[in-house]
Amino acid sequence: MPTSSRKPGVKKINLALQGGGAHGAFTWGVLDQILACRDLHISAISGTSAGAMNAVVLADGIMSGGPQGARQALRRFWRAVSQTASFNIIQRTPTDVLTGNWSVKHSPGYLFTDLWSRLASPYLMNPLNANPLLELLKRQVDFKRVRSCNRLKLFISATRVQNGQGKVFDRKQLTAEKVMASACLPNLFQAINIDGIDYWDGGFSGNPVLYPFAYRSDTRGVVIVQINPLRCRKTPTEARDILNRVNEITFNASLRNELRAIEFVSRLLDKGQLDAKRYKKMLIHIIADQDDLAGFDASTKMNPEWSFLQHLFKLGQKAAQRWIDTCLHQLGKTPTVDIPALLAGCGNE
């Protein structure tokens, strides 16, 4: 994808990156296009799960080689994800490969993993707590360099198991374990213990969290890179699809609440009923591709084939360029998302 030729002056942007397994490669494509755009400067990133991994890889890369270094680091990371999973038992069937179907829901390995994740805990199935994803993070990311990154702010969210509250780790605190805590799905991984506290996936409490932007960033424009839809086109009827929709609703609940709060504060500020010196009006934008992503069933979130990740990457690039072409001039001036319409199910995602 070419870089944008617009020259309206560099605009600052806050990025909110959702989790979604292999679908995080869509976010990789979005980030690649944003990093290639000379008119954009990333002020802060909030990330959960796969979004958290994208965030720290970007920060590491930008410290070692600027925007181009970040683009290269993200490609290396997702390539390593694919290579690490190349011997995974979850693989597409020959029929799905021949027909171009990215789903792995017919894979014996997927069916086995799906069944046992519901019947047995990871404490039973993985008593030695082997975690290849954590080891991958340690190999791919220089966390000392991430902690020293002064070019952007990072907010990585996880969920405390005991009380269900969210925890936000900022850049100066980050380790591979804390990022893994943000991606710790409880049916697949043992809880990540940090300073005596157990954590699960950050999506339960924020997918991703937005409030740090209001208090710890001087930039008003917030772009949510959305890979988990707020609404679905039809009611699922198959067991796995029902469970996936339940997870989507659960993981989006906190985001909905934050969007409602942002819209409420914005209305009060517009009416002069809040002190503009104390409260910030957040301008919300969304980069998404629900038409294409809707064609992938839930199992594709566990498909790390390089060809599939590249496909998602290209979809992300195109979605980001569409947003740049149509919305960049509004960044910092006005939102491009009608929050009440979005939450009511009639807005654009």
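The model is predicted. The chain contains 13 helices and eight strands, and its radius of gyration of 19 Å agrees with the value near 20 Å that a compact globule of 349 residues would have. One cavity of 30 Å³ or more is present.

**Overall dimensions and packing**

- Along the principal axes, the C-alpha atoms of the protein chain occupy a box of roughly 60 × 45 × 40 Å.
- Buried residues make up 54% of the 349 residues in the protein chain.
- When contacts between residues at least 6 apart in sequence are considered, 77% of them link residues at least 24 apart.
- The protein chain has an accessible surface of about 16100 Å², and carbon and sulfur atoms account for 53% of that surface.

- The lining of the largest cavity consists of Lys105, Tyr110, Glu238, Arg240, Asp241, Asp297, Ala298 and Ser299.
- Sorted by class, this lining comprises five charged, two nonpolar and one polar residues.

- Most peptide bonds are trans.
- Pro208 is located in the loop that runs between strand 6 (197–200) and helix 9 (211–216).

- A negative phi is found in most residues other than glycine.
- The position of Asn129 is in the loop between helix 5 (122–125) and helix 6 (132–140).
- Asn129 counts as partly exposed because its relative accessibility is 34%, which falls between the limits of 20% and 50%.
- The loop between strand 5 (192–194) and strand 6 contains Asp195.
- Asp195 has a relative accessible area of 74% and is therefore exposed, the threshold for that class being over 50%.

Key. Residues numbered from 1 in each chain as written. Predicted model: local features only at pLDDT ≥ 70, side-chain atom pairs only at ≥ 80, totals over all residues. Heavy atoms only, no water. 1 Å grid on protein atoms, 1.4 Å probe; cavity = no way out; pocket = protein on both sides within 12 Å on 5 of 7 lines; lining within 4 Å. Points joined across faces, edges and corners; volume = space filled by probe spheres on them. Nonpolar A, V, L, I, M, F, W, Y, C, P; charged D, E, K, R; others polar. Helix = DSSP H or I, 4+ residues; strand = E, 2+ residues; numbered from the N terminus. Rg over C-alpha atoms; globule rule 2.2 N^0.38 Å. Buried < 20%, exposed > 50% of the residue type's maximum accessible area, 1.4 Å probe, protein only. Contact = heavy atoms within 4.5 Å. Areas by Shrake-Rupley, 256 points an atom, 1.4 Å probe, with all protein chains shown as cover.
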